[in-house]
Every structure is written in C-alpha cells, then in structure tokens.
Amino acid sequence: MTDALLPAARQPLEKEGEDYFRKGCNPLAQTGRSKLQNQRAALNQQILKAVRLRTGAENLLKVATNQKVREQVRLELSFVNSDLQMLKEELEGLNISVGVYQSGEEAFTIPLIPLGLKETKDIDFSVVLKDFILEHYSEDGYLYEDEIADLMDLRQACRTPSRDEAGVELLMGYFIQLGFVESRFFPPTCQMGLLFTWYDSLTGVPVSQQNLLLEKASILFNIGALYTQIGTRCNRQTQAGLESAVDAFQRAAGVLNYLKETFTHTPSYDMSPAMLSVLVRMMLAQAQESVFEKISLSGIRNEFLMLVKVAQEAAKVGEVYQQLHMAMSQAPVKKNIPYSWASLACVKAHHYSALAHYFTAILLIDHQLKRGADEDHQEQCLSQLYDHMPEGLTPLATLKNDQQRQQLGKCHLHKAITHHEESVREASLCKKLRDIQVLQEVLSAAQQRTRLKYTQHQEDDDDLLNFTNAPNVVPKTEREAEMILPQFSKVTVTDFFQKLGPLSMFSANKRWTPPRSIHFSVEEGDLGFTLRGNTPVQVHFLDPSCSAALAGAKEGDYIISVHGVDCKWLTVSEVMKLLKSFGGEEIEMKVTNLQDSTSSMHNKCATYSVGMQKTYSMICLAIDDDDKTDKTKKITKKLSFLSWGTNKNRRKSASTLCIPAVGVARPHVKKKLPTPFSLLSSDSSRY
C-alpha cells in the first residue's frame with residue numbers, strides 16, 4: 001500500500017502529517033479494510049494461478065491417449081479443483097468479515113453485509129493515447145503528457161477510495177472522465193490495444209477486455225460497493241446514523257440497478273444481470289432492516305397501536321429477507337453467491353418473522369379492551385394485522401374476550417419460538433456465521449425473551465389445541481425502501497483533454513484532415529470572408545479573389561489557430577477580433593476540415609431506445625497467450641468470456657505517482673512517467 005507524495009494535484013488535497021493525497025483517497029491509512037483488500041488481492045493471484053493450472057490439465061486430458069497419463073491428469077485435476085474451492089471459501093470469509101466493515105461502535109445488532117471492491121491491474125495509457133493524438137488529431141502527443149499522467153493518477157487513486165462521500169465523488173469523477181476518454185480516443189470501429197483486467201469480487205476470477213466498457217462497468221460496481229461499506233459503517237445506535245445507513249443502501253441499490261440496466265452481457269459473474277438483481281434486493285432488504293431499527297431505536301412502548309405498527313414492520317423485514325433468500329437459492333446465482341450471505345438472509349427472515357409474532361402476542365396478551373377505548377380503531381387495526389382471522393373468531397369479539405386473546409397470543413408465541421429455533425439452527429450450520437459472536441448473542445437473547453414470555457402463560461397448554469396455527473402477520477411499513485439512482489450531474493468534472501477542442505467536434509468518431517497553414521494579409525480592413533458557427537468557427541462567404549482564398553483557404557474550413565493562438569474554443573467575435581488585431585501584417589492561420597462522414601459511422605454494439613438511457617452490450621475479446629496488445633491484431637476465435645492474457649512479458653505500467661493541482665500555475669515542463677513493469681507482477685499497490 002503505497003502512494004506518492006505530491007506537490008500539486010488537479011483536485012483538492014488532504015493533508016495528513018506531511019503527506020498529501022488526492023481528495024477521497026488515502027492509501028497509506030493502515031486500516032483493517034486496507035489489509036483486507038490486500039488479502040483479497042493475494043487471493044485473486046492464487047485463484048488466477050489455480051484456474052490456469054486447471055485449464056492446462058483439462059486441455060491435456062482432451063488430447064492425452066495414454067490411460068496412465070489420463071489417470072494422473074484426473075488426479076491432478078481433482079487436487080486443483082479442491083484448491084480452488086478452498087480459495088473460494090477464503091474469499092467468502094473476507095466478504096463476510098464483520099469486524100472490518102461494520103461500525104466501530106459497540107452495538108447489539110445483527111451485522112449487515114457489505115460488498116468488497118473489485119481489484120484491477122495497472123495499465124499504461126501513455127503510448128496508445130500519444131499515438132492516437134498524433135494520428136487522429138495531428139498534434140504532438142508529448143504535449144499531452146501531463147494530461148495522460150493525470151488520468152493515470154486518477155485511476156490509481158480510485159483503487160483506494162476512502163469510505164465517505166469524498167471517496168464516492170472520486171469514483172464518480174473517474175467514471176465521468178472515462179466518458180470523455182471514450183469519446184475522444186476509442187473509435188467504435190477498432191480496438192485501441194489497451195487491455196483492461198478486473199477481478200470478480202465474489203469468485204476472484206480475472207476478466208480481461210480491450211474494451212473501455214469493462215472499466216466503466218467495474219467502476220460503477222465499486223461505487224455501489226463503496227456505498228454498502230458506508231452503510232455498514234454507520235453508527236446504528238443513533239437516529240442520524242440509521243438514516244445515513246438507509247440512504248447509503250438505497251443509493252447502493254440504485255447504482256447496481258443502473259449498472260444492470262445500462263451495461264448488458266457483462267463478462268463477470270458479479271456483474272451479471274441475475275447477480276446484480278440479487279444484490280439490489282439485498283441492499284433494499286438491508287435498507288428496510290435499518291428502517292425497522294430506526295423505529296424501534298428509542299424503545300417500543302407497550303401500547304396497542306405501537307405494537308401493531310412494530311409487528312407489521314418486523315413482518316415486512318422478514319418478508320423481504322425471505323424473498324432475498326429465495327432469489328439467492330435460484331440458478332445461476334446459487335453457484336456463485338457466498339454461502340454465508342444466503343445463510344444470513346435465511347437467518348434474518350426467520351428472526352424478524354419471529355419478532356412479528358412476538359409483538360403480536362404481546363399486544364394480545366397484555367392488552368384488553370377497556371371502557372372508553374376506541375373500539376372501532378382497535379378493531380380496524382387488529383383486522384388489518386391479519387390477512388384472515390382464525391376460523392370462528394372476529395376482531396371485536398377477540399378484543400373483548402380475554403380467554404380468546406390469551407389463546408391466540410400463546411399461538412403467536414409458539415410460532416415465534418419455532419422461527420427462533422429455525423434461525424438459530426440455520427446460523428449454526430454456517431461456520432462463518434458461528435464465528436460472529438454478536439449474531440449468536442442477538443439470536444439467543446431474542447429466543448430467551450420469547451421463551452420466558454411463553455412459560456409465563458403455559459398453565460393451559462390444552463388451549464393450544466383449539467387453534468391449528470397462528471395466522472401470519474401482514475407485512476406493512478410506513479417507509480418502503482426504494483432505489484436512489486446515481487446523480488452524476490452533481491459531480492463537476494473537467495475534461496483532461498479539453499485542449500484538443502470541443503468534444504462535440506473533436507472526437508474519435510470524426511476524422512479530420514491534416515491542418516493546413518494559410519498565409520494571407522488583410523486588404524483595406526477586409527478579410528475577404530466572414531465567420532460562422534460555434535466553437536470552432538468556420539470560414540464562410542469566402543471571396544474567391546481574396547488573399548486568403550488564393551493562399552488555399554476554402555469555404556467551410558475550421559479555424560484552429562491564428563499566429564499560434566489556439567482558436568478551437570474561441571467564438572466568432574473573439575476570432576474576428578483576433579484576426580483584425582494584426583492590421584496590415586501577414587496573418588498565419590491554420591485550418592482543417594472534416595473528412596467523409598461515412599468513414600466515422602457509429603458501429604458500437606449498443607442498444608438505443610427513444611426516451612430510454614443508453615445500453616451497452618459488452619462482448620469480451622479473446623486474449624491469446626502470445627497477444628502483444630497490438631492494435632491491428634484481429635480476433636479470429638471467440639473463446640469463453642473468462643479468457644485473459646498470460647504473457648509474462650506483457651508490459652504493465654504503474655500509475656503515475658504525481659498528482660498536479662487545480663488552479664496552480666505550472667511551468668511547461670514535461671512530466672516523467674514511471675518505468676513500466678510486468679503486468680503479472682503481484683507486487684502492486686492494491687487496496
């Protein structure tokens with residue numbers, strides 16, 4: 001975990017001692033979470049090695065004809081599969097690490113589930129972007145070394161975001177910046193030769209693509225994951241902390257749902273539509289759980305209407321966790337979801353169902369209809385508490401009959417005890433959950449409280465025979481957990497490569513002719529042409545006999561500079577004022593024009609719907625072992641979407657370790673980029 005100490009940066013810097021970091025990033029913080037991410041990175045490397053061994057063994061098994069060789073290969077293959085299973089269980093253990101992700105405040109509450117950040121490998125943008133700037137924009141790529149370095153610095157900082165709003169803003173800023181980069185440098189008709197590698201957050205399997213969409217989708221996933229970590233970190237012993245938790249989980253659900261609907265066919269299990277749907281459910285369930293905790297935080301008054309409300313709120317939480325557990329048990333999610341997550345969802349479903357029956361029992365046993373009480377209101381509340389009353393009972397008669405209320409209340413206690421026993425049993429079946437001490441304590445305390453109440457009214461057990469089963473409590477909530485979509489418009493981002501010109505004109509989709517130098521003079525204050533358009537401005541109404549026309553200017557040319565002054569961002573009035581400022585002197589004007597538009601037709605594999613957001617379809621590219629990431633290399637064979645490059649000689653760049661600051665005047669000195677090193681080196685700064 002290292003990061004450079006920088007004198008300046010485009011974004012505000014935070015100071016810790018005498019060290020400076022980009023705002024929203026603090027990679028030197030020796031927290032439990034940073035150590036956990038380092039362990040995750042090491043496990044990813046081990047899983048990568050094991051998967052390669054398994055692939056080699058499977059290929060050898062296909063071609064081997066000798067029976068002894070085949071038996072030996074099968075034996076080795078069984079060992080490798082066993083190792084992979086053990087590594088997957090270790091990764092699952094990191095995903096359920098309560099002591100690291102939860103709030104530091106001591107709390108007697110059931111832990112929440114966070115998502116771990118996806119890991120990635122370093123990538124060097126410098127060579128590819130410099131070449132593209134020279135070939136496509138006809139500018140010297142070395143003039144953009146600072147901008148390329150800033151982009152690489154930002155990517156490096158996004159690997160170690162802080163668990164707060166600044167960290168979320170950092171990731172969102174990089175996501176928006178990637179939109180600028182995609183528009184300027186990634187033509188839809190060819191590959192750029194940059195290999196993006198990201199590790200699956202749940203399985204640790206690496207996925208590689210020569211496609212910027214994998215980078216964008218992975219950053220979106222990490223934004224959602226960071227929101228879950230913020231939510232689990234909130235102090236759940238205060239109203240403000242619980243409100244922050246609800247908000248964080250709702251925002252996490254919104255980001256993950258946006259990812260599911262915007263990027264289709266993602267080549268990673270953790271970003272598949274089925275998995276994302278389950279993760280969205282999980283975040284909304286945890287938000288609903290936080291809503292219940294917020295209602296009951298100040299204490300549950302032993303009042304009829306209050307107990308009705310709390311019972312239905314608990315039933316709502318139990319319902320959403322039951323639906324979540326069912327979704328986790330369906331293929332293909334079941335194979336890749338951590339077993340501890342599915343077990344915890346089942347535990348919570350039974351636990352909160354037990355609480356719903358317990359509070360219903362309390363309101364029936366401890367309360368009776370008194371004179372002067374609002375009979376109609378209590379009758380209405382009791383009728384709405386059930387989807388149907390037990391046979392032979394009516395709400396008003398039950399309220400007035402003390403014996404019926406006692407019998408029905410004991411039925412609810414009996415059912416609550418059944419749910420408690422099931423939650424304890426389910427928690428005991430999962431090793432990871434058995435190790436969470438606070439979970440065991442909460443479940444045990446709730447069960448003992450229900451049993452104590454049951455033993456206090458156990459003198460007439462035969463009365464239970466009058467009822468086959470207690471009716472289910474109707475789930476109801478005063479605040480339904482809903483997704484909050486990401487608000488990228490609130491994050492202000494400056495295009496690093498705005499010197500290239502307005503993005504609407506100077507993009508990878510548009511081809512420009514090489515700049516032409518026009519030397520002409522103003523005759524009697526008349527330029528011989530007018531200007532029109534937005535930035536950049538165009539030559540209009542050109543007099544064929546004027547000096548500019550004779551020097552080679554053409555109507556429709558775009559003016560990009562005058563006497564070395566960049567005009568790509570100047571308006572018509574500003575360019576006209578600049579041209580006339582030279583008087584009778586000879587003027588040097590550089591112009592360019594668009595090439596045939598048919599050569600830059602949009603051919604991206606994407607779906608556009610009127611009134612709907614853009615949807616990208618990401619098709620993973622097969623990366624052969626001898627791939628040198630050549631831009632002209634053609635893919636002739638479509639392999640599994642879990643293919644990746646294995647060439648040990650592939651060059652890997654460390655993201656630049658210097659971050660220049662915004663608004664600070666900088667001398668025009670070329671920034672030195674770090675020396676590239678091996679792509680497969682595991683000694684990289686991961687968070």
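Predicted model: local features only at pLDDT ≥ 70, side-chain atom pairs only at ≥ 80, totals over all residues.
A crossing of two helices is called left-handed if the near helix is turned anticlockwise from the far one by less than a right angle.

Helix α9 spans residues 273–296 and helix α10 spans residues 304–328. Two packed helices are described by the angle between their axes and the distance between the axes. For α9 and α10, the axes come within 9 Å and cross at roughly 165°. Because angles over 145 degrees count as roughly antiparallel, α9 is roughly antiparallel to α10. Sorted by class, the residues in this contact comprise 15 nonpolar, three polar and five charged.

Helix α9 also packs against helix α12, which covers residues 339–365. Here the angle is about 35°, and the axes lie 13 Å apart. The crossing of α9 with α12 is likewise left-handed. On the α9 side, the residues involved are L279, M282, E289, F292 and E293; they meet W341, K348, Y352 and L355 of α12. By class, this contact contains six nonpolar and three charged residues, with no polar ones.

Residue T197 belongs to strand β3, which runs over residues 196–199. Is T197 buried or exposed? Its relative accessible area is 4%, and since buried means under 20%, T197 is buried. Leaving aside residues up to four places away in sequence, T197 touches E119, T120 and K121, as well as P206, V207 and S208. With S208 there is also a polar contact, formed between the two side chains at 2.8 Å.

How values were computed
Residues numbered from 1 in each chain as written. Heavy atoms only, no water. Axes fitted to C-alpha atoms, helices over the stretch in contact; angles between N-to-C directions. Helix = DSSP H or I, 4+ residues; strand = E, 2+ residues; numbered from the N terminus. Parallel < 35°, antiparallel > 145°, perpendicular 65-115°, else oblique. Nonpolar A, V, L, I, M, F, W, Y, C, P; charged D, E, K, R; others polar. Contact = heavy atoms within 4.5 Å. Buried < 20%, exposed > 50% of the residue type's maximum accessible area, 1.4 Å probe, protein only. Polar contact = N/O pair within 3.5 Å; in protein donor to acceptor, adjacent residues only side chain to side chain.
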